[in-house]
Amino acid sequence: MSDDIDATAAKHLRGKYAVVGVGETGYVRGSGCTTRTLGTRAVRSAIEDAGLTSADVDGVLSYSNNDSTFSTLVAGDLGIRLNFYMDVYGGGSSTEALIGIAMGVIEAGMCKTVAIYRAMNGYSQVRIGGTGGRGTKAPLSGGGLFSRGYGLMSAGQMFSQSFMRHMYDYGTTPEQVAMVKVVHSEHASNNPKAYYQKRVSVDDVLSSRMICKPLHLLDCCVETDNGTAIIVTSIDRARDCRHTPAVIQSVVGRCSKPRADNHYQSGPISTVAGHYAKEILWPNAGLGPEDVDITGSYDAFTFTTMMQLEDYGFCAKGEGGDYVSSGITRLGGARPNNTSGGHLCEGYTHGINMVIENVRQLRGDVDDSCPIGSDGRRQHTYDYSEGGCRQVKDCEVSANLGWATPGTGSAMVMAKGG
Amino acid sequence: MALEGEYLDMAVYVDDLDQENLEFYSFCGNGELRLQQCSSCGLKRYPPTTACPWCANPESSWEPVAGRGTLYSYGEVHHAIQPVFRQFAPYMLLLVELDEQRDHPAPYDGLRLTGNLATADGDLAPPELVERVGIGSRLKVVFKSIGEGIALPLWCLDEDAEQPAKPWRYPS
């Protein structure tokens, strides 16, 4: 990749911005309220977590697939006077990209502190998988003939060819990939707010019904209703906030393979956007995958986690199946992935809950069932057995790997603030 | 003029503003698989686009391709989302790499066309046919008429071609 891709060559934003607040509603099926309510509750919770008030926040960003509420409504409900807001179209890969935008607009002097939220009734209203017949009755237009005309509509259907080709090119097995779900279910069993908290086995995954080869039901994420939010501000302001800041070292936003519209026309489809994104992520962060303590590799499907970890360089090309089945990604392993249980188990948010989890991990204050001490902090036991602790010991550096499609991804490195 | 039709109980309407798709599907309606070929760099492309993905030139002509290729990858839908497809499950989502322009303009590039596995008559393939097809299978295009002057390209086994002894399929 050419040098001029290194957009932040001076790297003057490394360490200059931080995530200072995180918040969410429950991850449920049947929220019983609007996305406006979910968004408002999540942003309020994140502001409170940061130790701020609505008066401290003057920017709001959101993302959706036309299935959510607008920043102006959430800001209005919370009494936030806006100096900047924007509602962006898109699902997965939006979180890290919007964090980059937040850093940019604060750097430009357009506002001081930005709340980013995703509010969705992903089960009660617009189901991401398309189940329930969403859009199935509209006439087939020119572009639609290439997709719905072929019964090609959901994310799982669209990605299946990339997953299958990875198996063909590298000998990746169903058993290896099923371990992603197994490991994330272990993590979720230690997360009281996860939608699925039951641990599953490789057999459970492989004997669940086939949805779209190579995806069984348990290779696919859960659909839930939830509001989720984070607060981004400059490092100077971050130091006045309640918690140890999660300091942003590097961001990549919606980096794409050639022909982002039809990625499968170019190059081997068993390689995903991380192949390009890593050339921005690691140099700008000033570190590499070997320096990372925990990962949040997007798990819309078991395969997305595996392919991204591979293409971002956590293992050699083609060895993603070995990596995710080796135990490395488990709590107690060398580099746990999605310690909340992620999209496969905790809840579906298009990526932001994996950032929230890593912020809490870097604080050393993840919300498991460990007892709370007199200082108000959890007394972590580091016993990762079922129902136990999920705090990673000495967690200093995290990486989030967001996925939109095989052709587009975003990423972020954060480090524990001093 | 817009193209109208119906396929599997779904209305089909290609708008008269959508020139690229109108032309593509009109050729299909005439039993021809044609792709846009850039007037400048000479590369063909798929699906129809408004300019060349390699050199940005907006000018192109529609050139015929043989409609034969190798299965590059696939998905196999067992849980159909669109109600009308449920009766055909399991059905295959194919990515067929054409014989033309393979590994061009760069290694691992190719003209990869989407579509379903069908019988030689253009009906969606029955389960026993699905089980015979995998990565490496040799396929050829078949056109399913879906209205006056419009057809949908699908893929069937190329019975004239030499087939791999055992095409690669998901281990079941």
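A salt bridge is a side-chain nitrogen of Lys or Arg within 4 Å of a carboxyl oxygen of Asp or Glu. The model is predicted: local features need pLDDT of at least 70, side-chain atom pairs count only at pLDDT 80 or more, and totals for chains, interfaces and linings use all residues. Residues are numbered from 1 along each chain as its sequence is written, chains are lettered from A in the order in which they are written, and side-chain values use heavy atoms, without hydrogens and water.

**View 1. The contact between chain A and chain B.** Chain A gives 41 residues and chain B gives 52 residues to the contact (heavy atoms within 4.5 Å). About 4,100 Å² is buried between the two chains, 60% of it from carbon and sulfur atoms; buried area is the accessible area (1.4 Å probe) that two parts lose on being put together, summed over both. Phe146(A), Tyr150(A) and Lys213(A) supply 19% of the area that chain A buries against chain B, more than any other three residues.

**View 2. The salt bridge between Lys213(A) and Glu76(B).** One salt bridge is counted between chain A and chain B. The side chains of Lys213(A) and Glu76(B) form a salt bridge with an N to O distance of 3.3 Å.

**View 3. The pairing of β5(A) with β6(B).** Strand β5(A) and strand β6 (residues 68-77) of chain B pair in the antiparallel sense over two bridges. Strands (E, at least two residues) are DSSP runs, numbered from the N terminus, and two strands pair if DSSP finds at least two bridges between them. Lys213(A) stands opposite Glu76(B) in β6(B).

Terms used. Helices (H or I, at least four residues) and strands (E, at least two) are DSSP runs, numbered from the N terminus.
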